[in-house]
Amino acid sequence: MADWIEQVRSGDRRTLARSLTLAESGDQALLSALDSVYGDLPRPQRIGITGPPGAGKSTLTSSLIGAFRAQGARVGVVAIDPTSPFSGGALLGDRLRMARHALDAAVFVRSMATRGQFGGLSAATEDACDLLALAGFDPLMVETVGVGQSEVDIARLADTTLVVLTPAAGDSVQALKAGIMEIADVVVINKSDQEGAARLEEDVKEALELRPMPPAGSPLWKPPIVRTVATIEQGVEGLMAAIAGHRSHLQHHGLLASLHARRQERRYEELVGRGLLACLHAQGAAAAAFERHRQSVLSGQLSPREAARRLIEQLGL
Ligand SMILES: Nc1nc2c(ncn2[C@@H]2O[C@H](COP(=O)(O)OP(=O)(O)OP(=O)(O)O)[C@@H](O)[C@H]2O)c(=O)[nH]1
Ligand SMILES: [Mg+2]
């Protein structure tokens with residue numbers, strides 16, 4: 001596998017594509033080879049793009065790819081759809097929306113439709129980002145859909161998170177209610193050609209006012225609101241400026257290193273959690289104790305909390 005990693009590093013697209021598939025399926029040999037070059041992985045800029053279904057995230061991503069390409073950058077994209085692991089719809093949409101970059105060797109788009117059952121969606125996305133980083137893509141864009149837990153995940157994956165809303169759909173109001181503003185570094189009002197953009201902007205401003213203040217001493221970032229019409233690339237320059245502005249803010253306050261460190265810490269904690277659970281599902285004394293307590297829960301003899309507490313005590317953890 002070490003030679004695969006070298007081929008990815010040298011920019012071989014086929015090996016990159018195959019490596020991404022192996023990483024997604026949790027292939028230990030590939031992941032270990034990737035871990036062995038962890039120390040010298042580049043740290044590309046990471047931009048997260050999230051928002052309700054159909055808000056125009058892929059169309060915007062395509063426009064941003066174009067804008068970054070114009071600056072000479074090599075762009076990697078990971079498009080995730082955690083809501084429909086079996087449907088090809090989103091993937092087809094991605095292909096279509098980003099088709100004009102399909103023949104550009106300096107652009108790599110990867111769609112992931114699985115829930116990342118081999119270690120969680122965010123773990124799978126992190127591995128994909130690492131492979132794209134190794135292949136020299138910078139920036140990386142991560143698109144994800146939804147108005148639930150997935151945005152929280154994406155906020156952890158990215159340095160700069162774009163929240164894309166549209167005037168038309170009730171989805172955007174729902175997203176505002178669901179607290180999506182808390183993760184926004186930049187708010188995009190896409191489909192500004194449609195009625196209601198001004199009204200939505202007012203709602204967004206109101207929601208932004210409700211964001212919790214950062215801890216004392218931490219720098220305050222006020223997310224800019226950018227109006228776009230992605231289909232005709234209107235507002236893309238302004239969006240690029242907003243992304244660059246947030247990046248300067250992070251750099252100016254020395255926040256990039258700590259963002260990276262916290263991301264690795266969370267990744268570690270998630271893997272430890274999954275690793276321990278996997279041990280309990282395997283063989284041995286710990287697994288037997290786990291099973292005994294599970295039966296107590298199933299029979300109603302112990303509350304789940306009490307069973308977990310006793311198990312952890314018994315394991316000496
Ligand atoms: N009128 C208008 N339509 C747009 C705009 N941006 C995107 N669309 C259209 O909206 C539809 C959805 O666009 P996508 O880019 O696929 O949206 P998405 O958020 O990636 O969708 P999912 O990934 O399926 O959640 C497409 O038909 C686009 O052509 C816009 O600014 N104005
Ligand atoms: Mg999309």
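How many of the residues in this chain are buried? Buried residues make up 48% of the 317 residues. Keep in mind that this is a predicted model.

Let's start with the overall picture. The chain has 13 helices and 7 strands. Now take contacts between residues at least 6 apart in sequence. Of these, 75% join residues at least 24 apart. As for the surface, the chain exposes about 16000 Å². Carbon and sulfur atoms supply 55% of that area.

Next, the metal. The magnesium ion, ligand 2, is coordinated by Ser58 through OG and by Glu143 through OE. The distances are 2.1 to 2.2 Å. Serine 58 sits in helix α4, and glutamate 143 sits in strand β4. The two are 85 residues apart, so this pair links distant parts of the chain. Both serine 58 and glutamate 143 are buried.

On to salt bridges. The whole structure has 21 of them. Here is one: arginine 9 with aspartate 40, closest N and O atoms 3.3 Å apart. Arginine 9 is in helix α1, while aspartate 40 is in the loop between α3 and β1. So the pair ties together parts that are 31 residues apart in sequence. Arginine 9 is partly exposed at 34% relative accessible area. Aspartate 40 is also partly exposed, at 49%.

Now look at helix α9, residues 197-209. Which glutamates does lysine 205 bridge to? One is glutamate 201, at 3.8 Å, N to O. Burial or exposure? Glutamate 201 is buried at 15%. Glutamate 202 is partly exposed at 45%.

Last stop, helix α11, residues 256-281. Histidine 260 lies here. Why does histidine 260 count as buried? Because its relative accessible area is 15%, and the cut-off for buried is under 20%. Histidine 260 touches Tyr38 and Arg43, leaving aside residues up to four places away in sequence. With arginine 43, the side chains also make a polar contact of 3.2 Å.

Valine 272 is in helix α11 as well. At 36% relative accessibility, valine 272 is partly exposed. Together, Tyr268, Val272 and Leu276 make a nonpolar surface patch of about 300 Å².

Definitions and conventions:
Residues numbered from 1 in each chain as written. Chains lettered and ligands numbered in written order. Predicted model: local features only at pLDDT ≥ 70, side-chain atom pairs only at ≥ 80, totals over all residues. Heavy atoms only, no water. Helix = DSSP H or I, 4+ residues; strand = E, 2+ residues; numbered from the N terminus. Buried < 20%, exposed > 50% of the residue type's maximum accessible area, 1.4 Å probe, protein only. Polar contact = N/O pair within 3.5 Å; in protein donor to acceptor, adjacent residues only side chain to side chain. Contact = heavy atoms within 4.5 Å. Donors = N, O, S within 2.8 Å, 3.2 Å for Na, K, Ca; no water. Patch = residues over 30% accessible without salt bridge, like charges linked within 9 Å, V, L, I, M, F, W, Y side chains within 5 Å. Areas by Shrake-Rupley, 256 points an atom, 1.4 Å probe, with all protein chains shown as cover. Salt bridge = Lys/Arg side-chain N within 4 Å of Asp/Glu carboxyl O.
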